[in-house]
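Opened a new model today and went looking through it. My notes follow.

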Amino acid sequence: MRDINFLTETNAKPIWHPMAHPAEMRANPPKVIMKGEGVMVTDIAGNTVLDAVGGLWNVNLGYSCDPIKKAIADQLGALPYYSGFRGTSTGPSIELAYELCEWFEPEGMVRTFFTSGGSDSVETALRLARQYWKIRGQADRTKFIALKKGYHGTHFGGASVNGNANFRRNYEPLLPGVFHIPAPWTFRNPFDETDPVRLAKLCARALEDEIAFQGGDTIAAFIMEPVLGAGGVIVPHESFMPQVREICDRHEILLIADEVVTGFGRTGAWSGSRLSGVKPDFMTIAKAITSGYFPLGATLIGAKVADVFEADKTSFGAIGHGYTYSGHPVGCAAGLAALAETKRLRLNENAAARGVELAAVLEGLKAKHAIVGDVRYKGLMAALELVSDRATKKPADKKTMALVSEAAYEAGVMLRVSGNAIILSPPLIVSAADVARIGEALDAGLSKV
């Protein structure tokens with residue numbers, strides 16, 4: 001690697017960063033992270049901070065998981081790559097597919113389609129949902145319904161079902177036939193409803209209304225995150241997803257659970273669907289499947305869908321979709337090691353326990369700082385929504401958010417800012433002391449403004 005002077009001088013010049021304005025990055029170069037150990041990362045200037053972002057929701061096992069590193073190295077030595085297209089397979093991909101079906105058997109998953117990440121997984125689920133209905137002889141079922149504030153990646157299909165204008169406006173027109181209903185977000189919703197049970201019913205009713213308007217026989221699938229992540233950690237009431245499942249069943253609409261963030265323990269359960277006691281028709285997973293050590297994802301398929309595809313005798317059942325790196329043997333080896341460690345360390349239990357502690361910290365900060373309009377949490381996904389006025393809920397401005405984030409960094413914790421929300425998604429191996437440290441840094445940041 002070139003020296004530190006080169007990296008500092010060249011930072012943000014030859015590279016465009018995801019989810020950032022290129023001109024802003026050039027004017028204010030991003031932090032350069034050089035090392036990671038445990039739950040800590042070190043930047044180019046030698047500052048070591050606790051990573052309360054967990055990479056990007058995904059480094060559940062922290063930065064020092066030797067079993068994953070060894071699995072990657074061993075697989076590179078044995079077979080660094082081979083295609084998973086028709087006619088060939090690899091040992092690690094067969095084994096990981098089996099393990100994933102076993103892991104998510106309570107959710108009813110029976111088949112695995114490998115991808116390179118979460119956006120790919122969502123795209124795959126959307127395409128397979130439409131294909132399913134063609135096999136069934138109901139080709140009019142092409143539409144999708146999703147939640148406002150939902151996030152489903154950045155491919156054209158995923159961006160189309162996204163419910164946040166930030167990921168849509170600059171790329172429109174997007175996929176036709178996509179419609180959105182209000183999310184069960186108690187802090188901001190069009191019903192002015194703060195009771196989570198009543199709000200869940202109102203949103204479910206909105207789904208029923210949209211289905212009636214569109215015609216149930218034109219809708220392929222409804223897609224939702226069991227807990228909305230990038231949209232600001234919106235936690236639906238536990239009654240909401242079961243209501244959605246019942247409505248979808250009644251209208252024969254497929255249910256896609258986007259578990260890219262919520263899969264593998266972050267909510268305190270192995271999946272958000274399991275937390276709600278729901279069996280979806282598809283699950284999309286990625287991120288923690290390798291703890292971020294290798295780009296890998298998968299679309300998991302339920303028995304009802306799998307049976308239709310595998311019983312088909314026409315050309316409609318042939319899957320004309322896939323990626324060069326679907327079932328990458330190195331990625332699958334990493335996934336096998338990550339799953340073994342995730343299970344051994346019972347990360348779901350640690351996420352649940354540490355999540356209770358983090359919730360108490362956030363409620364304390366809300367009571368102390370008027371700028372905190374709302375706090376939301378489930379397991380080790382959490383958010384603080386900052387406002388300039390609690391009465392009007394006017395969002396805090398960009399400058400304020402930057403001040404809070406930078407002050408927290410100086411206090412030793414990396415935060416993620418998304419609009420007027422601070423999103424927390426630390427590695428699932430964090431300790432009680434780590435949670436306390438996150439709280440102290442947040443307090444320092446909030447006190448700055």
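This is a predicted model: local features need pLDDT of at least 70, side-chain atom pairs count only at pLDDT 80 or more; totals for chains, interfaces and linings use all residues.

**An aspartate and its sheet**

I started with Asp 258, which sits in strand β8, residues 254–258.

Next I asked: is Asp 258 buried or exposed? It comes out buried, and I found no salt bridge for it. I looked up the nearest side chain of opposite charge and got Lys 287, 9.0 Å away.

What does the Asp 258 side chain have as a polar contact? I found one with the side chain of Thr 284, at 3.0 Å.

I read it as open, with 7 strands in the order β4-β10-β9-β8-β7-β5-β6 and mixed pairing. Which strands stand at the edges? They are β4 (109–115) and β6 (178–181); each has a single partner strand, so one side of each is left without a neighbour in the sheet. For the twist I noted an average of 20° from one strand to the next.

β5 (residues 143–147) runs parallel to β6, and 4 bridges join the two. For Leu 147, I looked up the bridge partner in β6 and got Ile 181.

Last entry: helix α8, residues 196–214. I see it lying across β5, β6 and β7 (219–224), and its direction is at about 150° to β6.

Definitions and conventions:
Residues are numbered from 1 along each chain as its sequence is written. Side-chain values use heavy atoms; hydrogens and water are left out. Two strands pair if DSSP finds at least two bridges between them. Axes are lines fitted to C-alpha atoms, for helices over the stretch in contact, and angles run from 0 to 180 degrees between N-to-C directions. Contact means heavy atoms within 4.5 Å. Buried means under 20% relative accessible area, exposed over 50%, partly exposed in between (1.4 Å probe, protein chains only). Lys and Arg count as positive and Asp and Glu as negative; His and the chain ends are not counted. A salt bridge is a side-chain nitrogen of Lys or Arg within 4 Å of a carboxyl oxygen of Asp or Glu. A polar contact is a pair of N or O atoms within 3.5 Å; within protein, one must be able to donate a hydrogen and the other to accept it, and residues adjacent in sequence count only if both atoms are side-chain atoms.
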